[in-house]
Amino acid sequence: MFDKILIANRGEIALRVLRACKELGIATVAVHSTADADAMHVRLADESVCIGPPPARDSYLNIPALMSACEITGADAVHPGYGFLSENARFADILRDHDITFIGPSPEHIRLMGDKIEAKRTAKRLGIPVVPGSDGAVTDDDEAKRVAAEVGYPLLVKASAGGGGRGMKVAMTPDALPQALSTARAEAKAAFGDDALYIERYLEKPRHIEIQIFGDGKGAGVHLGERDCSLQRRHQKVWEEATSPGINAREREEIGTRVAEAVAELGYSGAGTIEFLYERGEFFFIEMNTRLQVEHPVTEMITGIDLVNEQIRVASGGELSVKQSDIVLSGHSIECRINAEDPQTFQPSPGELTYYYPPGGPGVRVDSALYQGYRIPPYYDSLIGKLIVYGKTRNECLMRLRRALSEYVVDGISTTIPLFQRLLGEQDIVDGQYDIHWLERYLADG
Ligand code: ADP
């Protein structure tokens, strides 16, 4: 087991990792930018190192500064959290070269899954269903037209290097294809420095369903059921739940078994998420994330398994603590992402928390790094906390969520708490009847 873990992140996820380390008796090192000197992850860690000025590229993304922090403190492993360097294969390479463990999969697996065309090819080879589309990149407009005619309309032009919904354009008809190609190409070039594009059938009313997996790197793989993350705004998840109200036990079992087998065959090590779009009984692979997800707590709530603890075990060469037959999904869990944003306009709302009172009681978990008097810096993501509730049934979970939201007080800044209160008044939400476009439509209708 490790003696000391450096947590290369900030905010609620740095705290989440720190908590797992403490429970394992592992010493912790926090890193922070000058803007985060007063942050809770810094206060709670055993040691801390300032790694640079506020902009993330100079601090949380600054690999030389992080390597120095490892050296100064003698950390023997690094947990990257999510975002920042969590899917950066070069960072994983450099750590490996310095005999420091990256708590995550191998750089090879990160690279493979980071290239969306390669990822899709791999998924297909492993027997995972993919969205019908071009076999690899389309090189010119003539080829694109030919492929498009086979795939059928509407279709989606996507960037191979894509992320965050950028470089993605819908073409409803053949006439719209040239424009979609040129816009997607320009966006991809600007955002990723790589203009390789591919084509997929556009699914009109899918749900976003993702499967949590774990591999031990030695041929074992398990799945921990799914999360439904269909409620999205601008491709950003807003509300996540497990299990999905949209699929049945047989579908869960089938897709789960299939991905667990694929993970084992790949020799994948650590936590990962395989994302699918689901429409009318069919799953279509869209991508694999080779890290811990923001929404991992809902899976923890219904399985009773600590995913960060498991990541650390596996990274230190241990075996998974569970076999597939030990994993039982029980009850229901919902996570609301609390952002420091205006709940109507979604404008960021950094500033000082003049009063802070998080909810508690049965079945309520708050993952955040907030405290009264804390000043939310304007430089980073607006996610400031996650409210996670658990209930024996989805209905109990909804009632508990309503209760917890009514207790939650965050003064001094605007948050998205009122949005969730509104959502709980919508019949579609109560019924679990929503697809990936539901929230955008709802917000557009005011
Ligand atoms: P990114 O890496 O940019 O987030 P993804 O491939 O994960 O890109 O897709 C982001 C979102 O775009 C998905 O969650 C889904 O909402 C939508 N999307 C992706 N592929 C399709 C498709 N073939 N049809 C319809 N919607 C899609």
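Which element gives the most to the lining of the largest cavity? Helix H9 does, with three residues. The model is a predicted one, in which local features need pLDDT of at least 70 and side-chain atom pairs count only at pLDDT 80 or more, while totals for chains, interfaces and linings use all residues. Residues are numbered from 1 along each chain as its sequence is written, and side-chain values use heavy atoms, with hydrogens and water left out.

Rolling a probe the size of a water molecule over the atoms shows where empty space is left. On a 1 Å grid over the protein atoms alone, a cavity is a set of points where a 1.4 Å probe fits but cannot get out, whereas a pocket is an open set with protein on both sides within 12 Å along at least five of seven lines; lining residues have an atom within 4 Å of a point. Grid points are joined across faces, edges and corners, and a volume is the space filled by probe spheres set on the points. Three cavities of 30 Å³ or more are found by this rule.

The largest cavity has a volume of about 60 Å³. Its lining includes Met113, Phe285 and Met288, and comprises ten nonpolar, no polar and no charged residues (Ala, Val, Leu, Ile, Met, Phe, Trp, Tyr, Cys and Pro count as nonpolar, Asp, Glu, Lys and Arg as charged, and the others, Gly among them, as polar). Methionine 288 is placed in strand E13 (residues 282–289) and is buried, at a relative accessible area of 3%. Here, buried means under 20% relative accessible area, exposed over 50%, and partly exposed in between, with a 1.4 Å probe and protein chains only.

The charged pairs come next. Side chains of opposite charge can pair when their charged atoms come close. A salt bridge is a side-chain nitrogen of Lys or Arg within 4 Å of a carboxyl oxygen of Asp or Glu, and the whole structure contains 34 salt bridges. In one of them, aspartate 306 pairs with arginine 16, with 2.8 Å between the closest N and O atoms. Aspartate 306 lies in the loop between helices H10 and H11 and arginine 16 in helix H1, so this pair ties together parts that are 290 residues apart in sequence. Arginine 16 is buried at 6%, whereas aspartate 306 is partly exposed at 22%.

Arginine 207 and aspartate 228 form another salt bridge, their closest N and O atoms being 2.7 Å apart. Both arginine 207 and aspartate 228 are buried.

The ligand has 20 residues around it, of which Lys116, Lys158, Gly165, Arg201 and Glu287 come nearest; a residue counts as near if one of its heavy atoms lies within 4 Å. The side chain of lysine 116 has an N or O atom 2.8 Å from an oxygen atom of the ligand. A nitrogen atom of the ligand lies 2.9 Å from a polar side-chain atom of lysine 158.

Key:
Helices (H or I, at least four residues) and strands (E, at least two) are DSSP runs, numbered from the N terminus. A polar contact is a pair of N or O atoms within 3.5 Å; within protein, one must be able to donate a hydrogen and the other to accept it, and residues adjacent in sequence count only if both atoms are side-chain atoms.
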